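Thanks, everyone. I have one structure to go through today, so please have the sequence and the coordinates open.

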Amino acid sequence: MEFYFLGTGAGMPSKQRNVTSIALLHPKMTWLFDCGEATQHQILHSPIKPRKVNAIFITHLHGDHIFGLPGFISTRAALEGTTPLTIYGPPGIREWIEATLRVTGTYLRYTLRIIEVEDGHTYEQDGFLITARLLEHRFLAFGYRLEGPQERGALRVDALKALGVPSGPLYRRITQEETFEFDGTVYASSDFLEAPKSGVKLAVLGDTMPCEASVTLAHGVDVLVHEATFADREVEHAGRFGHSTARQAAEIARAAEAKTLLLTHVSARYVEQEDLLEQEAREVFPNSHLMHDHRVVPVKG
Ligand SMILES: [Zn+2]
Ligand SMILES: [Zn+2]
């Protein structure tokens, strides 16, 4: 599984960074987080197949996060996307999408499901649990926490050998089925497996200034994706517009005990000195990384 950063800029596109969109690629699914203008153009330069995108999570309805959505969903239909697509987003997204499709006479050949998320609610998508929480952006904005399914523990070969079970196809069945039969007795497979491993945990937050909800969503995650619109010197400006500095993002990662922090949504004013943002974050949280368009980050799970 991997994150693919399609757009990492704040507010408006620049030559270096398009507006926000982040893909999560998994062998069984492809998801997008936000879909800023020209996301479909960025996708043309990536391995992402629009028809394989089956869920899109919108953090908020500011244009730099959604103006690429109508174009994407319409192109997906033209590129033989026939499987359902689910869009999660704040209240108002249904009205906006339905009006846009109606006014432009856009016909989709697939089922479009729109779910308007609520603060604190958890949704199930492709075996993952997705929790949405309201952030603080001076505008209705959500962050998402993603929890992957538990993975079964490894086979306890020593215990099986002690019972006299020979290695072979039965070993594989024990890892896949609840019970197994050996020598006329039925055993619970779980007695011969290590404790289940917790699934991958990720958090992708929308635009926000530092807030408690961010720490809650990011608690113990393997990867936190957080905005870093500004550097330290613009901290007051950041607060006035409901954004964070890179250092504030790092403070959230530290408070949440996240393992990795990926910084995105970077203002174009730092084009000559972007290392500064990463440096300021690393002073607080060493495992911080500034993202760029088309950057790929592997994720366990
Ligand atoms: Zn934004
Ligand atoms: Zn915004």
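I'll start with G148, which is found in the loop between β9 (142-147) and α5 (157-163). Helices here are DSSP runs of H or I with at least four residues, strands are E runs of at least two, and both are numbered from the N terminus. G148 is buried, at a relative accessible area of 13%. On this scale, buried is under 20% relative accessible area, exposed is over 50%, and partly exposed is in between, with a 1.4 Å probe and protein chains only. Leaving aside residues up to four places away in sequence, G148 touches F128, G199 and V200, where contact means heavy atoms within 4.5 Å.

Before going on, the conventions. This is a predicted model, in which local features need pLDDT of at least 70 and side-chain atom pairs count only at pLDDT 80 or more, while totals for chains, interfaces and linings use all residues. Residues are numbered from 1 along each chain as its sequence is written, chains are lettered from A and ligands numbered from 1 in the order written, and side-chain values use heavy atoms, with hydrogens and water left out.

Now the metals. Which residues coordinate the zinc ion (ligand 1)? They are D64 (OD), H65 (NE2), D207 (OD) and H265 (NE2), at 2.1 to 2.2 Å. Donors are N, O and S atoms within 2.8 Å of the metal (3.2 Å for Na, K and Ca), and water is not among the atoms, so sites may look incomplete. The angles among the 4 donor atoms run from 91 to 168°, and the site is irregular. For reference, four donors are tetrahedral if all angles lie between 85 and 135 degrees; four are square planar and six octahedral if opposite donors are over 155 degrees apart and all others between 65 and 115; anything else is irregular. The donor spacing in sequence is D-H-x141-D-x57-H. D207, in the loop between β12 (201-205) and α7 (212-218), and H265, in the loop between β14 (260-264) and α10 (275-282), are 58 residues apart, so this pair links distant parts of the chain. D207 is buried at 3%, and H265 is buried at 3%.

D207 also bridges to the zinc ion (ligand 2), 3.5 Å from the zinc ion (ligand 1). The protein donors of ligand 2 are H60 (NE2), H62 (ND1), H137 (NE2) and D207 (OD), 2.2 to 2.4 Å away. Its 4 donor atoms subtend angles of 89 to 168°, which makes this arrangement irregular. H60 sits in the loop between β4 (53-57) and α2 (63-66) and H137 in the loop between β8 and β9, so the pair ties together parts 77 residues apart in sequence. Both H60 and H137 are buried.

Last, the rings. There are 10 aromatic pairs in the structure. Rings of Phe, Tyr and Trp (its six-membered ring) pair if their centres lie within 6.5 Å; planes under 30 degrees apart are stacked, over 60 edge-to-face, and the rest tilted. W31 and F128 are edge-to-face, at 5.3 Å centre to centre and 75° between the planes. W31 is in strand β3 (residues 29-33) and F128 in strand β8 (residues 128-134), so the pair ties together parts 97 residues apart in sequence. W31 is buried at 0%, and F128 is buried at 4%. One aromatic cluster is formed by W31, F33, F57, Y88, Y123, F128 and Y144.
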